[in-house]
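Let's take a walk through this fold, one piece at a time. Keep the 3D view open and turn it as you read.

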Amino acid sequence: NPFNPREVVARIRAIQRRVEPWLERETGSAKAAERVVFGDVQLDPGARVVLQRGHPIDLTSVEFALLEVLLRAAGQVVTREDLAKEVLGRRLTPYDRSIDVHISSLRRKLGHQVGDMERIKTVRGTGYIYTLPPDAAGQKPGRG
C-alpha cells in the first residue's frame, strides 16, 4: 500500500486548518473577523496576527486557534476535550498530551506570568483557564 492512512488524514487536516480561516473570511463570518484584545495580548483572526505589547508573536496555526479559544473564554475554564474538538478537530484519546504540549509552547512564547498571576492556568483534571487580572473581574475580552 503506497499510502499510510494516518499520513493522508494528517495532510487533510492540515489543509482544512489552512482553508477554514479563509472560508470564514470569505463568507463574512463576524466572529472570525472580530479582533480580541485582552491585557497585553491582541489577536486578529482576519489577519492571523497576535501582538503582545505591540510586538508580533510567531504562533503555529494550532497555537493561534488555541489562544483564540482561550481568550474568547477568558476567566472561564475550557476543558481539554473542548479544546481538542475546537482546535484539533478531534476527540482526545487516553494519554493524549497534544493539547498540553501546545499550551506549554503558548506559555513559553507569551510568558508564563502576567504581573504576579499565571497567564494560562491549569485546572487539574479538567482543562485550562486564561486568567483574568484582579482589576478585570467581570470584564470580557474587548474588541479592537
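## Helix 3 against helix 4

Start with helix 3 and helix 4 (residues 80–88), whose axes come within 9 Å and cross at roughly 130 degrees. Keep in mind that you are looking at a predicted model. The crossing of helix 3 past helix 4 is right-handed.

Which residues do the touching? From helix 3 come Val62, Ala65, Leu66, Val69 and Leu70, and they meet Leu83, Glu86, Val87 and Leu88 of helix 4.

## Helix 3 against helix 5

Helix 3 also packs with helix 5, here at an angle of about 85 degrees and with the axes 10 Å apart. How do these two sit, since 65 to 115 degrees counts as roughly perpendicular? Helix 3 and helix 5 are therefore roughly perpendicular to each other.

On the helix 3 side, the contact is made by Val62, Glu63, Leu66, Leu67 and Leu70. Facing them in helix 5 are Ile99, His102, Ile103, Ser105, Leu106, Lys109 and Leu110. This contact divides into eight nonpolar, two polar and two charged residues.

Now look for the open sheet of four strands, with the order 1-2-3-4 and antiparallel pairing. Its edges are strand 1 (36–38) and strand 4 (55–56), each of which pairs on one side only. Strands of a sheet are held in pairs by backbone hydrogen bonds, and the pairing can be parallel or antiparallel.

Inside this sheet, strand 2 (residues 41–44) and strand 3 (residues 49–52) run antiparallel and are joined by four bridges. To find your place, look for Leu43, which stands opposite Val50 in strand 3. Helix 3 (residues 61–72) turns up again here: it lies across strand 1, strand 2 and strand 3, running at about 115 degrees to strand 2.

Val123 stands opposite Gly127 in strand 9. These strands form a hairpin with three residues between them, and Gly125 in the turn has a positive phi of about 75 degrees.

## One aromatic pair

How many aromatic pairs does a search of the whole structure find? The search finds one. The partners are Phe38 and Tyr130: their ring centres are 5.6 Å apart and their planes are at 75 degrees, so the pair is edge-to-face.

Phe38 lies in strand 1 and Tyr130 in strand 9, so this pair ties together parts that are 92 residues apart in sequence.

How values were computed
Residues numbered from 1 in each chain as written. Predicted model: local features only at pLDDT ≥ 70, side-chain atom pairs only at ≥ 80, totals over all residues. Heavy atoms only, no water. Pairing = 2+ DSSP bridges. Helix = DSSP H or I, 4+ residues; strand = E, 2+ residues; numbered from the N terminus. Contact = heavy atoms within 4.5 Å. Axes fitted to C-alpha atoms, helices over the stretch in contact; angles between N-to-C directions. Left-handed = near helix turned anticlockwise from the far one by under 90°. Phe/Tyr/Trp six-rings, centres within 6.5 Å; stacked < 30°, edge-to-face > 60°. Parallel < 35°, antiparallel > 145°, perpendicular 65-115°, else oblique. Nonpolar A, V, L, I, M, F, W, Y, C, P; charged D, E, K, R; others polar.
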